[in-house]
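The sequence and structure come before the notes.

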Amino acid sequence: MRVHLTTTAQDLGALSAELVRRVSGLRVLGVATGSSPAPLWAALAADSGGLAPRAVFALDEYVGLPPGHPAGYRAVVDATVTIPLGLDPARVHVPDGNAPDLELAAAEFETAIGRAGGVDLQVLGIGRNGHIGFNEPGSSVDSRTRVVELADQTRHDNARFFSSADAVPTLAVTQGIATIMSARRILLIARGESKADAVERLLSGGTDPSFPASILHEHDEVTVLLDASAARQTLPDIPSRRFASAGETEPHPSARS
């Protein structure tokens, strides 16, 4: 596990975009929504550099939101990834949270990933309770794309995108932990002080079923990209100059696994 540190959203976006472009033969890209990876999509949109994956798969989607709902991840992916990067919408796949048979739709989504050849690079965020995708604490490491119940913490954290906490759906369709771990490379991005506790627990090492992101220690190709606020609690002794620019970031030995 390699860890890189940045200070501003612009630097984080520039470095993460550079890391994406370095992936040789990037044919299938896994995308995440949320505020942490937003600078990556903005940087890629500003200079896509010929980035044209043949397929894109989103991590998850709420169950039961009306089509086109602004908080739905289909709308978010369209607004932040598909349209800005000029991707063919037919090649951008988001789980169907309104399918008549949700379990069948989840299984078909999983099959589609396999048919595409698997994900070359999966971008992730991290929840305050350690979820990746919507794999909440206690999720099986063998889990595949499926319907899940959202934790109260997750619904509370996501209430800012809705009219109230009660308006946040209770269910979602998410890629499973095994699905995520099948990606050839993983890039986890964490921004902001609200993610500091989760980052600290992630980088402390060791796997723990109550903290799903910890499974990433068992993957051979994981890069974690942090801003200063997300990293400070974990690495408080690093001088500010270490966060000077994306060009000066480097792996931190204590966070290798």
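The protein has an accessible surface of about 11,200 Å², and carbon and sulfur atoms account for 49% of that surface. The model is predicted. Of its 257 residues, 54% count as buried. The secondary structure consists of eight helices and 10 strands. When contacts between residues at least 6 apart in sequence are considered, 78% join residues at least 24 apart.

**Sheet S4-S8-S7**

- Three strands make up an open, antiparallel sheet, in the order S4-S8-S7.
- Strand S4 (60-62) and strand S7 (146-149) are the edges; each has a single partner strand, so one side of each has no neighbour in the sheet.
- From one strand to the next, the twist averages 30°.
- Three bridges pair S4 with strand S8 (residues 171-174) in the antiparallel sense.
- Glu61 is placed opposite Val173 in S8.

**Salt bridges**

- The count of salt bridges is eight.
- One of them joins Glu221 and Arg2, with the closest N and O atoms 3.0 Å apart. Glu221 is in the loop between H7 and S10, while Arg2 is in strand S1 (residues 2-6), so this pair ties together parts 219 residues apart in sequence.
- Glu221 is partly exposed at a relative accessible area of 35%, and Arg2 is partly exposed at 29%.
- Asp78 and Arg74 form a salt bridge with an N to O distance of 3.9 Å. Both residues lie in helix H3 (residues 73-82), four residues apart, which is about one turn of the helix.
- The relative accessible area is 25% for Asp78, which is partly exposed, and 34% for Arg74, also partly exposed.
- Glu110 pairs with Arg144 in a salt bridge whose closest N and O atoms are 3.1 Å apart. Because Glu110 lies in helix H4 (residues 102-115) and Arg144 in the loop between strand S6 (121-124) and S7, the bridge ties together parts that are 34 residues apart in sequence.
- Glu110 counts as buried at 17% relative accessibility, whereas Arg144 is partly exposed at 39%.

**Ser214**

- Ser214 is in the loop between helix H7 (196-203) and strand S10 (222-227).
- Its relative accessibility is 4%, so Ser214 counts as buried.
- The Ser214 side chain reaches the backbone nitrogen of Asp208 at 2.8 Å.
- Beyond its neighbours within four places in sequence, Ser214 contacts Leu202, Gly206, Thr207 and Asp208.

Conventions: Residues numbered from 1 in each chain as written. Predicted model: local features only at pLDDT ≥ 70, side-chain atom pairs only at ≥ 80, totals over all residues. Heavy atoms only, no water. Helix = DSSP H or I, 4+ residues; strand = E, 2+ residues; numbered from the N terminus. Buried < 20%, exposed > 50% of the residue type's maximum accessible area, 1.4 Å probe, protein only. Polar contact = N/O pair within 3.5 Å; in protein donor to acceptor, adjacent residues only side chain to side chain. Contact = heavy atoms within 4.5 Å. Areas by Shrake-Rupley, 256 points an atom, 1.4 Å probe, with all protein chains shown as cover. Pairing = 2+ DSSP bridges. Axes fitted to C-alpha atoms, helices over the stretch in contact; angles between N-to-C directions. Salt bridge = Lys/Arg side-chain N within 4 Å of Asp/Glu carboxyl O.
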